[in-house]
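Please view the sequence and the coordinates together while reading.

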Amino acid sequence: MSLDSLSISVCIVTYNPDTEILFKIIHILRNSGLSIILVDNNSSDKSFLSLLQNVDIIMPLENNVGLGKAYNICCEASKKLGAEWILFLDQDSIPLEPFKVNEVIEKLKNYAQLYYNTAIVSINSDIATKTSIINDDFYLAKYVVGSGMIVKNCVCEKYKFLENLFLYSIDIEYSVRLRRAGYYILAYKKQMLKYRMGEIYKKYRRKIPRYLSYLLSKLTGKDLTTYPFYSNPLRYYMMLRNNIYLLTRHKVEITYSKYLPLFVLYLYENLGLKETLKYVLRAMKYGIFGNLDNDNKGIFNSK
């Protein structure tokens, strides 16, 4: 496809979504003239699927296959739509209006060599790990999060997302793998999404996490006294397990190990010492020795 042609499809993976937010996202995307692919990971209440309008492809899955596999399914669907790029959005990431996502790729086209060598452009710049300023429009990035990344379909077709991670760090591993393959990962200078990590941000209530977070805030100059809260603490376990898995296989840089203590802290804050030790040992077992698919089945009863 030439530089003169442009097409972007949008992938939304759902699992028990807030339908009011989801319908708002779809409305904004449709007003922006974008094709929409929705993959549902076996939500317990699927009635919202029959209410969806202006969605080009709806794919309800019989099992929760995780985010990586759902992303790969989206890539195949996007290819069938003939799109050159695919934008991934979380089910609660709201595009900021007016949502002119085409302008991102149009501006990238002004830098022909950069355009051809770029695999991902993130419109979730506030969360991206940026390393330098490339030009007036883009940062060079080390890591980007899944929600808000625009991926070239030809790259998506060649480099599949890791499916055994199931939920977390899929985007981090993907960023590293593409950088190592010689591609650029960029972040657009303008934030274009309303995005948050976790359900809400909470302050630590236990004494040890409170003290450690205060100390880390002083050392780093960042406010680390709050953390992303999830009502299901197994999410923190998966963060820990997946990053041990990636680190021990050199799939991410060793510097990423600095996040491991935070994941343990999240577990301790929500589960206490005994349960945290149990999950840390389990994370080490599966993270080091692998067989994540078997562990995922135990957690999600996935087939």
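Which residues does G66 touch, not counting residues up to four places away in sequence?

## Basis of the description

This is a predicted model, in which local features need pLDDT of at least 70 and side-chain atom pairs count only at pLDDT 80 or more, while totals for chains, interfaces and linings use all residues. Residues are numbered from 1 along each chain as its sequence is written, and side-chain values use heavy atoms, with hydrogens and water left out.

## G66

G66 touches N41 and F166 when residues up to four places away in sequence are not counted, contact meaning heavy atoms within 4.5 Å. G66 belongs to helix α2 (residues 66-81); helices (H or I, at least four residues) and strands (E, at least two) are DSSP runs, numbered from the N terminus.

With a relative accessibility of 1%, G66 counts as buried, a class defined as under 20% relative accessible area, against over 50% for exposed and in between for partly exposed, with a 1.4 Å probe and protein chains only. From C-alpha to C-alpha, G66 and L265 are 25 Å apart in space and 199 residues apart in sequence.

The 15 residues of helix α8 (residues 234-248) should span 21 Å at 1.5 Å a residue, and the end C-alpha atoms are 21 Å apart, in agreement; the expected span is 1.5 Å times one less than the number of residues. Helix α8 is mostly covered, with 12 of its 15 residues buried, and these buried residues pack against α6 (170-180), β13 (226-229), α9 (260-289) and α10 (292-300). Just after α8, H250 takes a positive phi of about 60°.

The axes of α8 and α10 come within 13 Å and cross at roughly 180°, axes being lines fitted to C-alpha atoms, for helices over the stretch in contact, with angles from 0 to 180 degrees between N-to-C directions. The contact involves L234, Y237, M238, R241, N242 and Y245 of α8 together with L292, D295, N296, I299 and F300 of α10.

## Nonpolar cores

A nonpolar core is a set of buried Ala, Val, Leu, Ile, Met, Phe, Trp, Tyr and Cys residues joined through side-chain atoms within 4.5 Å. In the largest nonpolar core, of 63 residues, F88, I120, V151, F161 and Y174 touch the most other members, and α9 gives the most to this core, with 10 residues. Apart from it lies another core, of 34 residues, including L52, W85, L89 and L108.
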